[in-house]
Amino acid sequence: MDNTSDSSSSSSSRVVWLIAVPLILVPLYFGLQSSTSSTLVLSFGKFSSATNYDSSKNINPPIGELEKKLMSSLERVEAGLVRVRADIKEAQRKNQTFDDPEYVSTGQIYGNPTTFHRSYLEMEKHFKIYVYEEGDPPVFHYSASQGILRIEGILIHQIEISKFHTNDPEKANVYFLPFSVLSIVSYVYVVDSREWGPMRNTAADNIDSISRKYPYWNRSLGSDHFMLACHDWAPKISFAVPYLYKNSIRVLCNANTSERFDPIKDVSLPEIYLPHGTTNGLIGGSSPSHRSVLVFYAGGTHGYIRQVLMEQWGKNNDPDVQIHKYLPKNVSYYGMIRKSKYRICPSGYEVVSNRK
């Protein structure tokens with residue numbers, strides 16, 4: 001098998017994890033905040049009174065074959081999540097460690113390293129995304145992938161071919177709304193018209209269609225659905241459907257709270273400049289402990305924060321702190337990113353800032 005192809009596939013999968021990890025860890029996290037009594041069992045109908053369930057002993061609630069048959073699809077999904085939460089609690093109780101070369105088990109970034117790691121492992125085993133088939137390219141299931149804002153196109157494609165994708169909506173944990181805001185702006189919006197109606201209606205009509213055809217949107221009022229977009233207009237387009245911006249998970253590059261980005265449920269997506277329409281060569285590098293530069297930034301000084309950044313660090317002589325308005329000659333931008341522990345992404349005139 002072609003090793004280059006394997007490397008590209010692995011790199012692309014990691015991009016999908018940018019979305020998949022926060023999407024699954026958020027519900028798992030909130031599940032772990034419950035007590036060890038019946039509140040840990042979410043929506044099991046008659047099984048919700050399983051007060052003898054004690055996750056600290058890793059005892060799963062007794063579910064027989066007859067009970068499984070009586071369960072709805074949602075209850076079966078929840079039953080699986082109950083077992084997942086029990087395994088996470090058990091790992092936390094025993095302070096288990098795992099042989100995983102990509103796992104960093106120390107540092108203040110983790111509230112509980114063991115819980116985080118076990119959550120991640122369970123996500124990789126169980127997390128499933130259903131992609132609605134409704135809609136045609138180029139507005140749905142497609143977005144250009146070369147240039148600024150084009151991480152949206154990469155992710156839409158990768159979600160549909162990833163190992164997390166399922167063709168059975170009954171087995172899904174979350175549901176992806178595959179409209180592309182970038183494509184809506186490119187193909188629906190009439191330049192200089194200032195008409196928001198057609199763009200907002202494109203998203204609203206799609207959700208109206210799936211809500212009539214499938215039970216899943218109405219079942220949760222959109223709370224287990226997600227959209228992703230890297231265009232600045234995405235928040236305003238999402239306002240066309242109140243439940244979309246109030247309940248659904250919005251994966252957005254424009255993570256501006258003044259435009260109603262909700263950090264409790266929404267996910268911030270890094271805006272990456274893709275000169276060749278691929279993430280190849282942009283992901284990877286040595287582990288943080290083997291990177292020689294502490295912090296790196298190179299870019300313009302538009303916006304107050306960037307001006308302050310240059311005033312404070314722009315003329316320092318510390319080799320660990322590489323802050324530049326213009327990148328020195330013969331220095332690779334991507335090379336500096338891969339050798340730096342931290343990469344500053346300051347806002348310019350807007351909160352969102354693309355990084356090459």
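Me: Where is Asn330 found?
Reply: This is a predicted model. In it, Asn330 sits in the loop between β8 (321-324) and α12 (333-339).

Me: And what is its phi?
Reply: Phi of Asn330 is near 65 degrees, a positive value in a residue other than glycine. Most residues other than glycine have a negative phi.

Me: Is Asn330 buried or exposed?
Reply: Asn330 is exposed, with a relative accessible area of 86%.

Me: What about Arg194, what is its phi?
Reply: Positive, about 60 degrees, and Arg194 is not a glycine either. Arg194 lies in the loop between α6 (181-187) and α7 (197-213). Its relative accessibility is 74%, so Arg194 counts as exposed.

Me: Peptide bonds next. Which residues does the cis bond join?
Reply: Pro137 and Pro138, with omega at about 10 degrees. Pro138 is in the loop between β1 (129-131) and α5 (151-161). Most peptide bonds are trans.

Me: Switching to helices. How do α3 and α4 cross?
Reply: The axes of α3 (residues 73-94) and α4 (residues 113-126) come within 8 Å and cross at roughly 150 degrees. Angles over 145 count as roughly antiparallel, so α3 is roughly antiparallel to α4. The crossing is right-handed.

Me: Which residues make that contact?
Reply: From α3: Val84, Asp87, Ile88, Ala91 and Gln92. From α4: Thr114, Thr115, Arg118, Ser119, Glu122 and His126.

Me: How many of those are nonpolar, polar and charged?
Reply: The contact of α3 with α4 has 3 nonpolar, 5 polar and 3 charged residues.

Me: Now rings. How many aromatic pairs?
Reply: The count is 14 aromatic pairs. One of them is Tyr130 with Tyr175, an edge-to-face pair: 6.2 Å centre to centre, 70 degrees between the planes. That pair links distant parts of the chain, with Tyr130 in strand β1 and Tyr175 in strand β3 (residues 174-176), 45 residues apart.

Me: Are Tyr130 and Tyr175 buried or exposed?
Reply: Tyr130 is buried, and Tyr175 is too.

Me: And why is the pair of Tyr175 and Tyr216 called stacked?
Reply: Because the planes of Tyr175 and Tyr216 are at 15 degrees, with the ring centres 4.9 Å apart. The cut-off for stacked is under 30 degrees. Tyr175 is in strand β3 and Tyr216 in helix α8 (residues 216-220), so the pair ties together parts 41 residues apart in sequence. Tyr216 is buried, like Tyr175.

Me: Which tyrosines end up in the cluster?
Reply: Ring pairs link Tyr130, Tyr132, Tyr175, Tyr214 and Tyr216 into a cluster.

Conventions:
Residues are numbered from 1 along each chain as its sequence is written. This is a predicted model: local features need pLDDT of at least 70, side-chain atom pairs count only at pLDDT 80 or more; totals for chains, interfaces and linings use all residues. Side-chain values use heavy atoms; hydrogens and water are left out. Axes are lines fitted to C-alpha atoms, for helices over the stretch in contact, and angles run from 0 to 180 degrees between N-to-C directions. Helices (H or I, at least four residues) and strands (E, at least two) are DSSP runs, numbered from the N terminus. Angles under 35 degrees count as roughly parallel, over 145 as roughly antiparallel, 65 to 115 as roughly perpendicular and the rest as oblique. A crossing is left-handed if the near helix is turned anticlockwise from the far one by less than a right angle, and right-handed if clockwise. Contact means heavy atoms within 4.5 Å. Ala, Val, Leu, Ile, Met, Phe, Trp, Tyr, Cys and Pro count as nonpolar, Asp, Glu, Lys and Arg as charged, and the others, Gly among them, as polar. Buried means under 20% relative accessible area, exposed over 50%, partly exposed in between (1.4 Å probe, protein chains only). Rings of Phe, Tyr and Trp (its six-membered ring) pair if their centres lie within 6.5 Å; planes under 30 degrees apart count as stacked, over 60 as edge-to-face and the rest as tilted.
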